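Keep it brief and give the cut-offs.

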Amino acid sequence: MPGDSRRVRGPEESQSPLLYAVSEQPQAERTGRGAGVPRAVFVRAGLLSQAAGSAYVEAGGTKVLCAVSGPREWGGGGRESRGRLVCDLRWAPFSRAGPWSSSSSPRQAGLLLQESLEAAVRLERYPRAELAVWALVLEDRGSAVPAAVSCASLALADAGVEMYDLAVGAGLSRGPGELLLLDPDDAEEKAGATMYLSLLPTLNQVSGLLCSGEWEGDSSVAAVRMCMEGCQRLYPVLQQSLLKATKRKIAAPETA
């Protein structure tokens, strides 16, 4: 069969060049903090004046903003004895330097947020009413899902919604040598199995759990325990932020 003179024929055998550098595996000991030490956290409630409640959480390079609207009446059936909670968790287009950094899909992350908050909110106090929660990840540098849980819970409390307790989130990954890393960054999340947990600290009740990868009995128990300890450490920070936001809303007494 005659060849096509209009085409440039390549070599019979070829090898594609190395287009992408191979990412290095994270070290067993993280720079600047131990395996069970979370990143520094900045939290503020009542950030948006146009929302019924709002919050902002920044952990390391991860930044999450949440807003709450409602309660407002919705078109549910007349027999509805509980309110409805609607959650919307999204990532900004510029939030990640590369592809999806978490080992869990956005849909799974949204379901974790939904079930974590539903266990914390007293929906029976809002019959035939709807509460809407919007969570936006502005920058994802690891553990964005648990940060969104804490941020959304704080925004609900800032809106004055009746709750059993704040839902506090924590993330964990299993690094090289079966080492458990609390509050992993994006590189550590990609390295191995991950676990996201939300806790109601006062009740000591787990309200949500999302795992990816392979977890065995002993390692999973140790991971759950470490996540719960991380939630307990973050809980006072959220409480202080909520207290400061409440004080800002209270008008100063007029002097005679």
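Two strands count as paired if DSSP finds at least two bridges between them. Helices (H or I, at least four residues) and strands (E, at least two) are DSSP runs, numbered from the N terminus. In strand 2, V41 has A59 as its bridge partner. This is a predicted model, where local features need pLDDT of at least 70, side-chain atom pairs count only at pLDDT 80 or more, and totals for chains, interfaces and linings use all residues. Residues are numbered from 1 along each chain as its sequence is written, and side-chain values use heavy atoms, with hydrogens and water left out.

Five strands make an open sheet with mixed pairing, in the order 1-2-3-5-4. Strand 1 (41-45) and strand 4 (84-91) are the edge strands, and each pairs on one side only. From one strand to the next, the twist averages 15 degrees. Angles run from 0 to 180 degrees between N-to-C directions, and axes are lines fitted to C-alpha atoms, for helices over the stretch in contact.

Strand 1 and strand 2 (residues 53-59) run antiparallel and are joined by five bridges. F42 is bridged to E58 in strand 2. Strand 2 also pairs with strand 3, in the antiparallel sense over seven bridges. There, Y56 stands opposite L65 of strand 3. The hairpin of strand 2 and strand 3 has two residues between the strands, and G60 takes a positive phi near 65 degrees. Strand 2 is mostly covered, with six of its seven residues buried. Buried means under 20% relative accessible area, exposed over 50%, and partly exposed in between (1.4 Å probe, protein chains only).

Four strands form an open antiparallel sheet in the order 7-6-8-9. Strand 7 (180-182) and strand 9 are at the edges with a single partner strand each, so one side of each is left without a neighbour in the sheet. The twist here averages 20 degrees from one strand to the next.

Helix 1 packs on this sheet and touches strand 8 and strand 9; its direction makes about 170 degrees with that of strand 9. Helix 2 also packs on the sheet, where it touches strand 6 and strand 8; its direction makes about 170 degrees with that of strand 6. Contact means heavy atoms within 4.5 Å.

Strand 6 (residues 168-174) pairs with strand 7 in the antiparallel sense over three bridges. In strand 7, L180 is the bridge partner of R174. Strand 8 (residues 194-200) and strand 9 (residues 205-212) pair in the antiparallel sense over seven bridges. L197 stands opposite L209 in strand 9.

## Helix pairs

Two packed helices are described by the angle between their axes and the distance between the axes.

| Pair | Axis distance | Crossing angle |
|---|---|---|
| Helix 1 (residues 106-118) and helix 2 | within 10 Å | roughly 35 degrees |
| Helix 2 (residues 144-158) and helix 4 (residues 217-249) | within 10 Å | roughly 30 degrees |

Helix 1 passes helix 2 in a right-handed crossing. A crossing is right-handed if the near helix is turned clockwise from the far one by less than a right angle, and left-handed if anticlockwise. From helix 1, A109, L112, L113, S116 and L117 meet V145, A148, V149, A152, S153 and L156 of helix 2. By class, this contact has nine nonpolar, two polar and no charged residues. Ala, Val, Leu, Ile, Met, Phe, Trp, Tyr, Cys and Pro count as nonpolar, Asp, Glu, Lys and Arg as charged, and the others, Gly among them, as polar.

Helix 2 and helix 4 also cross in the right-handed sense. S150, L154, A157 and D158 of helix 2 make the contact with L234, L238, S241, L242, A245 and K249 of helix 4. By class, it has six nonpolar, two polar and two charged residues.

## The core

Which residues have the most contacts inside the largest nonpolar core? They are L89, L113, L117, V133, L156 and M163, in a core of 60 residues. The largest share of this core, eleven residues, comes from helix 2. A nonpolar core is a set of buried Ala, Val, Leu, Ile, Met, Phe, Trp, Tyr and Cys residues joined through side-chain atoms within 4.5 Å. Leaving aside residues up to four places away in sequence, V133 touches A67, V68, L85, V86, C87, D88, L117, A152 and L156.
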